[in-house]
Amino acid sequence: ALAVDAFTRYIKSAEEVDPSAYYLRALGLREMELHDEALADLDLLINNYAGTDFFLKAWDEKAYTLWAYLERYQEAAETMLAFVRLYPADSSAPGFLFEAARIYERGESYQSAIDTWERISNEYPTFSESFRSLFLAGITRYRINDFNGAFNTFQRSLSLATLSADQASASFWSGKSQVMMNDINAARLSWQTAAQLDPTGYYSERA
C-alpha cells in the first residue's frame, strides 16, 4: 500500500511519467487484490507506451492477472491473441501465441488450446517451440479422445523434431494413439522406433 501511494504521488506530480511507475503500481494494486485498478494501469501502458520496456510486460501481466488471479481464462487468452493480431511480426508474437494455448488448456478449453498450438507451426515454423507446440496439441487431442487426430499431429511433430529425445517422444505417443485405435502391430513398431532413437532417454526407456 505504501508503494502504491508513493507511485500515485509521483504520477500526479511528474511532468513526464516514467512508465515503470504505472507498471509497478499495477503489481502493487494486484497484491492488494485491487484487480480492476491494476488492469487499468496495465491497459494504460498498452495504449500509451508502445516501444518501451514495459509495453510487452504489460500485455503479459494483464493476461497473467486475468487467469491466475481472476480465473478469467477466455479473456486472458484473448489478450495474448490480440497482441498477435496487432503485432504479428514482433519477435514476442509466437511466444504469446504459445502462452494463449497454455491458458486455454488451464481453463479446460481444450479445442481452443489445440487450434492455437497448431497455429504456431503454420505461422511461425522457425519458432524454437514449434515442435513442442505440435506435441502438446497432440497430447491435448489424446486427452479429449481424438486418437486419430492425436496420431496425425504426433506424426506432423516428427517433421519438426531435430533432437532424438523429441523424436522419441513423438514416436512413443504415436504408439499410444495407435493402441487406442486398436492398431497394435503399428503401435509396437512405433515403440520399437522410439526405443532406438534416444537410448537411456525417458521416452525410449518407457517405450
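This is a predicted model: local features need pLDDT of at least 70, side-chain atom pairs count only at pLDDT 80 or more; totals for chains, interfaces and linings use all residues.
Where is the place of Ala-93? Ala-93 is in helix 6.

Leaving out residues up to four places away in sequence, Ala-93 touches Phe-83, Val-84, Tyr-87, Pro-88 and Tyr-124. For a sense of scale, take Ser-174, which is 81 residues from Ala-93 along the chain. The C-alpha atoms of these two are separated by 29 Å.

Next, Ser-92. This residue lies in the loop between helix 5 and helix 6. Is Ser-92 buried or exposed? Its relative accessibility is 18%, and because buried means under 20%, Ser-92 counts as buried. Neighbours within four places in sequence aside, Ser-92 is in contact with Leu-56 and Phe-83.

Now to helix 6 and its partner, helix 4. Two packed helices are described by the angle between their axes and the distance between the axes. Helix 4 and helix 6 have their axes 11 Å apart and pack at an angle of about 5°. Angles under 35 degrees count as roughly parallel, so helix 4 and helix 6 are roughly parallel to each other. From helix 4, the contact uses Leu-56, Trp-59, Ala-63 and Trp-67. From helix 6, it uses Phe-96, Glu-99, Ile-103 and Arg-106. One detail here: Arg-106 lies over the face of Trp-67, 4.1 Å from the ring centre. There is another case of this kind, where the charged end of Lys-57 sits over the ring of Tyr-23, at 5.7 Å from its centre.

On to the nonpolar cores. The largest one has 40 residues, and those with the most contacts inside it are Leu-45, Trp-59, Ile-103 and Trp-117. Which elements give two or more residues to this core? They are helix 2, helix 3, helix 4, helix 5, helix 6, helix 7 and helix 8. Helix 6 gives the most, with eight residues. As for Leu-45, if residues up to four places away in sequence are not counted, it touches Pro-19, Tyr-22, Tyr-23, Ala-50, Phe-54, Phe-55 and Ala-58. Another core, of 12 residues, lies apart from the largest one, and includes Phe-135, Ile-139, Phe-172 and Ala-194.

That brings us to the rings. A pair of aromatic rings is described by the distance of the centres and the angle of the planes. How many aromatic pairs does the structure hold? It holds 22. In one of them, Phe-172 and Trp-191, the centres are 6.4 Å apart and the planes are at 35°, so the pair is tilted. Phe-172 is in helix 10 and Trp-191 is in helix 11, 19 residues apart, and the pair links these distant parts of the chain. Phe-172 is buried, with a relative accessible area of 4%, whereas Trp-191 is partly exposed, at 25%.

Phe-172 also forms an aromatic pair with Tyr-203. This pair is tilted as well, with 5.5 Å from centre to centre and 45° between the planes. Tyr-203 lies in helix 12 and Phe-172 in helix 10, so the pair ties together parts that are 31 residues apart in sequence. Tyr-203 is partly exposed, with a relative accessible area of 21%. Ring pairs link these residues into a cluster, whose members include Phe-131, Phe-135, Phe-172, Trp-191 and Tyr-203.

Terms used:
Residues are numbered from 1 along each chain as its sequence is written. Side-chain values use heavy atoms; hydrogens and water are left out. Rings of Phe, Tyr and Trp (its six-membered ring) pair if their centres lie within 6.5 Å; planes under 30 degrees apart count as stacked, over 60 as edge-to-face and the rest as tilted. Helices (H or I, at least four residues) and strands (E, at least two) are DSSP runs, numbered from the N terminus. Buried means under 20% relative accessible area, exposed over 50%, partly exposed in between (1.4 Å probe, protein chains only). A charge sits over a ring if NZ of Lys or CZ of Arg is within 6 Å of the ring centre and within 35 degrees of the ring normal. A nonpolar core is a set of buried Ala, Val, Leu, Ile, Met, Phe, Trp, Tyr and Cys residues joined through side-chain atoms within 4.5 Å. Contact means heavy atoms within 4.5 Å. Axes are lines fitted to C-alpha atoms, for helices over the stretch in contact, and angles run from 0 to 180 degrees between N-to-C directions. Angles under 35 degrees count as roughly parallel, over 145 as roughly antiparallel, 65 to 115 as roughly perpendicular and the rest as oblique.
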